[in-house]
Amino acid sequence: MKQEKIDELMLKIDKKCKLPKYWEQFIKENFKSHHLIIKDKEKKKLYCSNCNRYFADKTVKVRDYVECPHCHKMSCVYGINYYRKSFEQSVVLVQRVDKQIVIRIFEIYSYFKEGKKRIKRSCIEYARILPGIGRFIGNNVWINMFGVLNVYHGYKKLSWTAYKGHKFLTDHPTYPYDKKRLVKGTIMEYAPISEFMDRFSYYRYNYLDVLELAAYGSFELLWNMKLYNLCFYSKALNKKGSFLKRFGVPKSFLKFMQDNDISYKELMLLQLFQKDDKKLFQKYRYTNINYLRFFIKNNVLDDFLNSGIELNYTNMHLIKDISKYVSLKKLMQYKKGLQNLNIYKDYLEMAKKLSYNYKSKKDLFPRNLIARHDKMQTKIKIEEDMNTQFKAYLRYLELSKYTYSDDKYIIFPAPSIDSMKDEGKQQGNCVGYMYLEPYINGETEIFFARKLKDVTKSFITLEYKNNRVVQKELPHYDRNFTAEQNAFIDNWINFRQFIDKKEIYKIRDNLKVVQYDLKKIVA
């Protein structure tokens, strides 16, 4: 769905879906009671946030669990940083907009304000599920690398985007709603939702989760066809037309599909091999379907299975890279290559780098693969080192015009790769490896400032980019420069600006002005 359509739909929901009359009461009833015991340094007492009363106990330490003598609640003890403790929980609101069901997920955020010992609450919406359309999250949600949704509060207006994750969002306290009234007049009114939940009770789907499946017409159709396991993929199988168009196999497969109550993975195997054979399920149950498609497309599936190579992500990645240079039919006949996929891939890639247009069998499939690989690797290393060193030297020649000195300091461009590595070691910084490529490619400029007394000893590393100094550091990331050192760097900047202007004027002086005789041109 395009973003414009999403914005239009969400605006319609905002206008028509108002919070119910007893929503605040529902929040209070489902709000989990959080309480702490806080050490109050001023009063030299302990404060219970549950009963809002003080009591004294000098033996208690922070992080201890203590029972309040007044309300008898066990709570953790916090010190002056108690206000950093917070709690999050979600609640669900189900509504209707015309014939569209809208499932709204809110987060209750409970926290202590600094200086306030009583807990505060904030409730904000962060996700919406529209069965038959999709899932959406607000711009107040940040998803970390583990797929956990973190909600930020305080947003006045939310914008919504499609959510492709598989996290269950409805397994929370839900505001009361009438199931029959909710689905009345929709495609889900007569869908076998209860039957599905009973049959697959071990999945622990709740009613709202099943609504996402039942929102497609294929859900009821698949159930009536006794293809129960395929109901989980009602969206993918929600196609119009013939049996073949919907399932990708002939209608003669139906009896076999029903007898085995096939899963979606098994359906893909039937589509791939076009055989109603149960042995396919046993043989390829745990095999990635995309790997099988790749080998079948290249007509080498049987050859590969007989090769004894494990079918995993690493080997597949290597085989796909090798297939760019050599046909898989030929690869399956080259045992040394199959036994050393990583080495063979490197061998072919290095041959391309060295512009070896290999066509002969002895070059494409060498008898001594490892020896040829090592020999080629040495040659590549020599050539790459020579090219890089030469680039660094050319860069030094280009920037050497900016070399400048006074009676105490000198500044000059990095003369070589080794000098940059040495600078990094002496300075304790990353200039030796982080800035090598940008430097030799002309993306930045690296200069070394040294004391004239000891020019070999590293002193200041400086990066110049976009007509200004973007970084300057003393050893070990120190930036405490003296006035004298800053003055030297300023003088150097003025000097290089003078050099640049001088070159501009020199170019202008070399330009020849040609005068034309207008009378002759007109004639």
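How many bridges join strand E16 (residues 460-465) to E17? Five bridges join the two strands, which run antiparallel. The model is predicted: local features need pLDDT of at least 70, side-chain atom pairs count only at pLDDT 80 or more, and totals for chains, interfaces and linings use all residues. Residues are numbered from 1 along each chain as its sequence is written, and side-chain values use heavy atoms, with hydrogens and water left out.

**First stop: the sheet containing E16 and E17**

Select E13 to E17, an open sheet of five strands in the order E13-E14-E15-E16-E17 with antiparallel pairing. Helices (H or I, at least four residues) and strands (E, at least two) are DSSP runs numbered from the N terminus, and two strands pair if DSSP finds at least two bridges between them. Strand E13 (404-405) and strand E17 (468-473) each have a single partner strand, so one side of each lacks a neighbour in the sheet. Next, display Glu463, which stands opposite Gln471 in E17. Helix H19 (residues 417-427) packs on this sheet, touching strand E15 (445-451), E16 and E17, and its direction makes about 60° with that of E15. Contact here means heavy atoms within 4.5 Å; axes are lines fitted to C-alpha atoms, for helices over the stretch in contact, and angles run from 0 to 180 degrees between N-to-C directions.

**Second stop: the sheet E6 to E12**

Move to the open five-stranded sheet ordered E6-E7-E8-E9-E12, again with antiparallel pairing. Its edges are strand E6 (86-97) and strand E12 (160-162). Neighbouring strands are turned by 30° against each other on average, direction ignored. Helix H2 (residues 23-30) lies across E6, strand E7 (100-112) and E8, at about 145° to E6. In E9, Gly134 is the bridge partner of Leu130.

Select residues 207-214. Eight of the eight residues of helix H5 are buried (under 20% relative accessible area; exposed is over 50%, partly exposed in between; 1.4 Å probe, protein chains only), so the helix is largely enclosed by the rest of the structure. At its start, a side-chain oxygen of Asn206 reaches to within 3.1 Å of the backbone nitrogen of Leu208.

**Last stop: salt bridges**

Glu212 has a relative accessible area of 18%, and Arg135 one of 15%. Finally, select Lys12 and Asp98, joined by a salt bridge at 3.1 Å.

Conventions. Polar contact = N/O pair within 3.5 Å; in protein donor to acceptor, adjacent residues only side chain to side chain. Salt bridge = Lys/Arg side-chain N within 4 Å of Asp/Glu carboxyl O.
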